[in-house]
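Please look over the sequence and structure shown here. A short briefing follows, arranged by topic.

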Amino acid sequence: MKCTTNSVEDPCCFDERTGVGGLVPVNDAISRGLSLASEVDGTEVVDLDVAIGRVLAEDLLAPFPLPPFDNSAMDGYVFRSGDLSGSGPWRLRVTGRVAAGENASEAGIVGEGEAFRIFTGAGIPKDGDAVVMQEHVRRLGDFIELEDPVTPGSCIRREGEDAAKGSLLLPKGSLVGAREIGAIASVGLPRIRVRRKVRIALFCTGSELRQPGESLAPGQIYNSNRFILMAALRQPWIELSDMGAVVDDPDKLRDVLTRAAETADMVVTTGGVSVGEEDHMVEQLRGAGGKIEVMKIAMKPGKPLSIGTLNGAVFVGLPGNPVAAFTTWKIIGSRIAEKLSGQGDHEQPVSQVVASESFTRRPGRQEFRPAKIVGFSPDGRPQVQLLDQSFSAKISLICKSDGFAVIPAHSERIASGDQLDFVRL
Ligand SMILES: Nc1nc2c(c(=O)[nH]1)N[C@H]1C(S)=C(S)[C@@H](COP(=O)(O)OP(=O)(O)OC[C@H]3O[C@@H](n4cnc5c(N)ncnc54)[C@H](O)[C@@H]3O)O[C@H]1N2
Ligand code: MOO
């Protein structure tokens with residue numbers, strides 16, 4: 001049939017090689033998917049020990065300077081730098097001591113020609129203005145001897161040099177990891193306000209699917225997508241509702257889609273988005289009152305990925321082939337989920353690699369090809385071997401790869417040594 005409408009709604013209306021009729025470029029699909037997602041309403045206050053992996057709901061300003069007082073960066077001696085005039089060596093009498101946790105203002109005043117023993121993290125006593133490491137002095141009874149000059153401020157960490165009072169420690173939308181939780185703890189907060197979790201409903205479709213542990217009848221396979229997706233969705237900022245597997249029955253699909261979208265912010269499915277008679281997802285989504293905004297993407301794997309909305313939830317229908325489901329979630333679905341969570345949009349980090357061998361391919365779709373690092377080019381870039389051309393259903397292949405080599409949609413031939421973007425797995 002000839003494409004006459006140039007519309008995504010028309011199933012005949014695309015040509016992979018020319019792009020006529022709109023295979024949607026991957027970046028456009030991402031932008032359109034992101035435009036359907038806004039951060040979820042609602043926040044909650046959580047204790048610091050369970051805040052890991054949550055998303056900060058408000059800017060965190062430093063309530064006091066960090067560090068909160070001038071302190072020593074070394075174990076050594078604190079003294080007045082002005083005492084080291086003329087040429088050395090210089091001798092100073094050790095008359096005091098201050099350790100971390102003590103109140104430096106109660107340790108006394110550092111007098112002329114004097115030094116206080118001091119330890120890392122201890123406050124600087126009054127009139128001391130330089131610290132020398134103990135390895136750089138000779139201890140002679142009650143005295144220390146220094147051979148080299150020491151500049152004022154040496155080995156002193158100044159109040160506020162890490163963060164001034166009122167400065168921005170962490171912006172709203174930060175994902176709280178080990179570094180962030182350290183920053184929050186260092187300003188003494190026992191709990192923080194985070195965005196509520198994104199509610200994601202997940203189900204896989206296919207009458208052929210069985211659970212691991214069950215026996216397989218002829219024609220059946222195990223449901224690996226469910227486990228791939230559950231693993232990918234196991235994030236502290238996600239509240240996952242696992243709805244299991246659904247057979248390829250239009251009424252059942254519509255019912256599960258409707259129930260999923262009742263409470264979810266995002267509905268993620270696998271399978272049933274292609275063109276076969278058993279592929280009902282798009283039709284049933286529409287039947288349930290939903291809208292498809294993106295389908296037929298210039299992406300390999302992942303051409304049938306479908307994105308839309310249903311009852312206020314974002315719908316992401318991943319293809320059934322396991323590697324296609326994994327790849328499309330990583331490259332597109334996860335970015336939509338992150339935006340819902342309040343983390344904003346972050347492009348996939350890519351590095352540069354070179355192809356170890358020449359190859360030709362059919363152009364038309366941007367390809368995320370499993371690839372293995374096999375060496376390094378003379379200028380130090382990793383050299384990658386691209387794995388099988390047909391890989392959408394090969395789960396063992398992706399386990400052998402180090403990442404995806406990204407082949408531009410228009411490329412027909414890649415020569416050995418050509419540079420490619422690489423998404424690490
Ligand atoms: N005539 C055409 N056929 C197909 C096209 C096309 O353009 N024209 N596209 C192919 C591409 S590309 C993909 S990707 C698949 C996607 O199909 P669906 O999303 O409709 O997925 P299914 O048909 O339901 O399943 C495809 C494949 O994956 C297996 N599968 C499904 N679910 C699971 C699961 N949970 N765990 C493990 N494996 C699963 C399923 O048994 C099939 O083998 O369509 C192509 N066909
Ligand atoms: O897009 Mo399909 O995932 O190429 O097999």
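**Briefing**

The model is a predicted one.

**Annotated span**

- For residues 201-339, UniProt gives the feature "domain: MoaB/Mog", and the entry is unreviewed.

**Around ligand 1**

- The shell around ligand 1 has 27 residues, of which Asn225, Gly271, Ser274, Pro319 and Gly320 come nearest.
- Two or more residues of this shell are given by each of the elements α3 (224-233) and α6 (322-341).
- Helix α3 supplies the largest share, 3 residues.
- Sorted by class, the shell around ligand 1 holds 11 nonpolar, 12 polar and 4 charged residues.

**Helices α1 and α6**

- Helix α1 covers residues 26-35, and its axis comes within 9 Å of the axis of α6, with a crossing angle of roughly 30°.
- Angles under 35 degrees count as roughly parallel, so α1 is roughly parallel to α6.
- The crossing of α1 and α6 is right-handed.
- On the α1 side, the contact is made by Ala29, Ile30, Gly33 and Leu34.
- On the α6 side, the contact is made by Ile332, Arg335, Ile336 and Lys339.
- The contact of α1 with α6 consists of 5 nonpolar, 1 polar and 2 charged residues.

How values were computed: Residues are numbered from 1 along each chain as its sequence is written. Chains are lettered from A and ligands numbered from 1 in the order in which they are written. This is a predicted model: local features need pLDDT of at least 70, side-chain atom pairs count only at pLDDT 80 or more; totals for chains, interfaces and linings use all residues. A residue is near a molecule or strand if its C-beta atom, placed from the backbone, lies within 6 Å of it. Helices (H or I, at least four residues) and strands (E, at least two) are DSSP runs, numbered from the N terminus. Ala, Val, Leu, Ile, Met, Phe, Trp, Tyr, Cys and Pro count as nonpolar, Asp, Glu, Lys and Arg as charged, and the others, Gly among them, as polar. UniProt positions are given in the numbering used here, feature names are shortened, and annotations may be inferred rather than shown by experiment. Axes are lines fitted to C-alpha atoms, for helices over the stretch in contact, and angles run from 0 to 180 degrees between N-to-C directions. Angles under 35 degrees count as roughly parallel, over 145 as roughly antiparallel, 65 to 115 as roughly perpendicular and the rest as oblique. A crossing is left-handed if the near helix is turned anticlockwise from the far one by less than a right angle, and right-handed if clockwise. Two residues are in contact if their C-beta atoms, placed from the backbone, lie within 7 Å.
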